[in-house]
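Subject: Handover of a structure and the findings on it

Dear colleague,

I am handing over the structure below for your attention. The findings follow directly after it.

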Amino acid sequence: MNKFYLSAAAIAVSLALPALPASAQSNEIVIGITVTTTGPAAALGIPERNSLEFVPKEIGGVPLKVIVLDDGGDPTAATTNARRFVTESKADIIMGSSTTPPTVAVSTVANEAGIPHFGLAPFPITPERAKWSVSMPQPIPIMGKVLYEHMKAHNVKTVGYIGYSDSYGDLWFNDFKAQGVPMGMTVVDEERFARPDTSVAGQVLKLVAANPDAILIGASGTAAALPQTSLRERGYKGLIYQTHGAASMDFIRIAGKAAEGVIMASGPVMSPETQPDSALTKKPGLALNTAYEAKFGPNSRSQFAGHSYDAFEILKRVVPVALKAGKPGTPEFREGIRKAWLSEKDMAASQGVYNFTEKDRYGLDDRSRIILTVKDGKYVPAK
């Protein structure tokens, strides 16, 4: 039986991660998931939690025990949750979190403990975090390229940037410099804001004064709507580009009329109906959206729901392989999952077709992206 334990994140304590105790075989696979269901990033974590209603209850004949904790988007709380999964729950697999900083924290714990970790937000997978972590969301270079190609095709020469004042904002700004600038575009202004901020008036005034051809917003969730609405309220008429972190119906709901015309990178789960039948992402995308919208209402689909859902699509492929190496609860089983990540190929899911390698822990290609705009309050393919 698939069990869900929903709890507020505990107050973090500064303790070194103890060595894993000797593992005992288990008759169930324990999966610990830390997501952000409260705070500014709740619009990301709630769909990730909701989609767990539609994942398997067992894989390979072995029941799944799923434990879900809230970290509020705080890296310290995410660290505490991850340590609990290791020491108390004896987790075989860890997932999370919903935004970049806490995902980095969870990855660090998982790699110290030697437990397979599925990141649910883009994050820098450095060598010390590479062995036991993979990332479900699309890597920023893949999603960024489709935006910059659109800019170039529409004769954009100057770009203003406004993004989070954290590692997610850094990832996008650095990617634009690495890919967009060589395409012939110039950054004329860079502004930042914190995730909890309720106003970006000062930053927007500077951007509007710089009068770039386009503005790139490096933000996620409903907070991405803040600079979007502020720019339109201040009379900015140029193109506005949003990252895939904003791809949800909540963005349209919050931004309202200001969302019209935005250009947004997205995973294919936001529009599987427009994909050819040959697309490997179409069937899982339709399956998730049909179930999700039946439960949570029309047009409730979310890219973030796809991240956690797809982690279980991957598990459906790798767990049967890992079970040949050892029983749940043992180091052999965890090592089996890690090796199966690398041996299994073309693992189709709602957000892409995954082929992980030792060097590529995202495992995605151009099949993992589409480009959308908002017209009459709905997402449609962008031209």
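To begin with a pair of helices, H11 passes H12 in a right-handed crossing. This, like everything below, is read from a predicted model. The axes of helix H11 (residues 303-322) and helix H12 (residues 331-343) come within 8 Å, and the angle at which they cross is roughly 125°. Since angles over 145 degrees would count as roughly antiparallel and those from 65 to 115 as roughly perpendicular, H11 is therefore oblique to H12.

On the H11 side, the residues that meet H12 are Ile314, Val318, Val319, Val321 and Ala322. Their counterparts in H12 are Phe333, Gly336, Ile337, Ala340 and Trp341. Sorted by class, this contact of H11 with H12 holds nine nonpolar residues, one polar residue and no charged residues.

A second pair is formed by helix H5 (residues 140-153) and helix H6 (residues 167-180), whose axes come within 10 Å and cross at roughly 55°. H5 and H6 are therefore oblique to each other, and their crossing is right-handed. From H5, the residues in contact are Ile140, Pro141, Met143, Gly144, Lys145, Leu147, Tyr148 and Met151. They meet Tyr168, Leu171, Trp172, Asp175, Phe176, Gln179 and Gly180 in H6. This contact of H5 with H6 comprises 10 nonpolar, three polar and two charged residues.

Turning to the strands, seven of them make up an open sheet with mixed pairing, in the order S9-S8-S10-S11-S12-S15-S16. Strand S9 (186-193) and strand S16 (378-381) each have a single partner strand, so they stand at the edges and one side of each has no neighbour in the sheet. On average, neighbouring strands of this sheet are turned by 25° against each other, direction ignored.

Within the sheet, strand S11 (residues 239-242) and strand S12 (residues 263-266) run parallel and are joined by two bridges. Tyr241 has Ile263 in S12 as its bridge partner. Helix H7 (residues 201-210) packs on the sheet, where it touches strand S8 (158-164), S9 and strand S10 (214-218). The direction of H7 makes about 170° with that of S9.

Finally, an unreviewed UniProt entry lists residues 28-339 as "domain: Leucine-binding protein". In the model, this span is 44% helix and 18% strand, and its end C-alpha atoms lie 20 Å apart.

With kind regards

How values were computed:
Residues numbered from 1 in each chain as written. Predicted model: local features only at pLDDT ≥ 70, side-chain atom pairs only at ≥ 80, totals over all residues. Heavy atoms only, no water. Pairing = 2+ DSSP bridges. Helix = DSSP H or I, 4+ residues; strand = E, 2+ residues; numbered from the N terminus. Axes fitted to C-alpha atoms, helices over the stretch in contact; angles between N-to-C directions. Contact = heavy atoms within 4.5 Å. Parallel < 35°, antiparallel > 145°, perpendicular 65-115°, else oblique. Left-handed = near helix turned anticlockwise from the far one by under 90°. Nonpolar A, V, L, I, M, F, W, Y, C, P; charged D, E, K, R; others polar. UniProt positions renumbered as here; feature names shortened; annotations may be inferred.
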